[in-house]
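The sequence and the structure are shown first.

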Amino acid sequence: MKKSIAIMCGGGPAPGINTVISTLAKTFLKDGYDVIGVHHGYKGLLSDNPSIVFFDFHRADRIFSLGGSTLIMSRFKPKDSDFKADFFKKHNVKLLVTIGGDDTASTVNSQDLDVAHVHVPKTIDNDLPLPDRNPTFGFHTAKDEGVRIGNTVYEDARTSENWFVVAAMGRSAGHLAFGIASACHYQMMIIPEMFDKTNITLEKIINMIISSIVKCKIQGIEYGVALVSEGVFHFMEEEEIINSGINFTYDDHGHPELGNVSKSHIFNYLLQVKLKELGLDIKSRPVELGYELRCCKPIAFDLTLCTLLGIGVK
């Protein structure tokens with residue numbers, strides 16, 4: 001039976017995934033391998049009847065510069081007991097290539113499978129310590145798209161003399177928020193790294209935004225944008241979130257489900273409450289920079305980076 005490689009994607013999307021998949025397929029097809037794409041991440045890989053596609057040159061070539069992922073992704077995290085070698089034996093898989101974050105990589109690394117494994121790290125948060133301070137793929141494209149939207153938001157603020165409160169993705173690092181806010185010349189940027197020696201509280205965040213609004217007002221500037229990284233929530237005490245006055249839904253373990261709410265709406269609501277307490281008549285509107293950034297077409301930087309990553313697997 002012909003040797004093959006299998007490719008699967010875990011976690012959430014990032015610009016450049018299709019470029020990695022395309023490059024992998026072209027590289028290994030040239031060496032005589034079958035190239036199998038597995039849908040639904042680990043859930044598909046370990047199922048009794050996985051949904052798969054076989055790549056040829058034309059299928060691989062069509063997706064090279066597209067956003068999103070031609071392979072359906074999944075955040076499913078299997079237990080050790082879920083692992084079995086059936087799929088690998090059936091298709092004579094010699095190499096499994098996973099595309100994803102830390103969880104995707106560590107999940108298969110803990111298994112004693114008679115298959116080589118190479119992981120291609122992916123996250124638009126740019127929060128993985130890669131060699132030579134290289135960025136994670138998709139980061140620069142997400143930042144570029146965020147700046148495109150962010151500049152329009154800033155122009156709206158200037159045109160209407162309003163304030164906007166923007167929230168940007170970034171679970172454990174503020175790199176994306178920092179890149180967007182600095183490129184757009186926003187008046188205020190708040191990221192988790194700013195709270196290195198103090199606890200993060202919603203009151204501190206709102207007070208920082210208000211201080212920016214007041215300083216601008218003193219200078220005769222009646223508009224602006226404050227950008228807050230969603231990562232501040234992940235470094236915040238759960239009690240602080242629960243006592244915020246926001247009506248959260250809760251998971252089975254009693255934890256607030258942050259993914260079900262718009263972070264910018266939370267910040268903007270709390271800002272408006274505080275402004276009214278202070279007697280300041282200032283309009284502000286929420287804008288969420290989230291899923292719009294994950295599936296856009298990769299820019300030249302990420303096309304090149306993802307091509308090199310795909311070739312590097314070999």
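The buried residues of helix H10 pack against strand S6, helix H8 (202–218), strand S8 and strand S9. Helices (H or I, at least four residues) and strands (E, at least two) are DSSP runs, numbered from the N terminus. Contact means heavy atoms within 4.5 Å. Among the buried residues of H10 are Ile266, Phe267, Leu270, Leu271 and Leu275; buried means under 20% relative accessible area with a 1.4 Å probe, protein chains only.

The model is predicted: local features need pLDDT of at least 70, side-chain atom pairs count only at pLDDT 80 or more, and totals for chains, interfaces and linings use all residues. Residues are numbered from 1 along each chain as its sequence is written, and side-chain values use heavy atoms, with hydrogens and water left out.

The open sheet has four strands in the order S7-S8-S6-S9, with parallel pairing. Its edge strands, S7 (188–190) and S9 (284–289), each pair on one side only. Two strands pair if DSSP finds at least two bridges between them. Six bridges join S6 (residues 163–168) to S9, and Ala168 has Leu289 as its bridge partner in S9.

| Helix | Strands | Angle |
|---|---|---|
| H7 (residues 175–184) | S6, S7, S8, S9 | about 165° to S8 |
| H10 (residues 263–278) | S6, S8, S9 | about 160° with S9 |

H10 is followed by Gly279, whose phi is positive, near 75°.

Terms used: Axes fitted to C-alpha atoms, helices over the stretch in contact; angles between N-to-C directions. Buried < 20%, exposed > 50% of the residue type's maximum accessible area, 1.4 Å probe, protein only.
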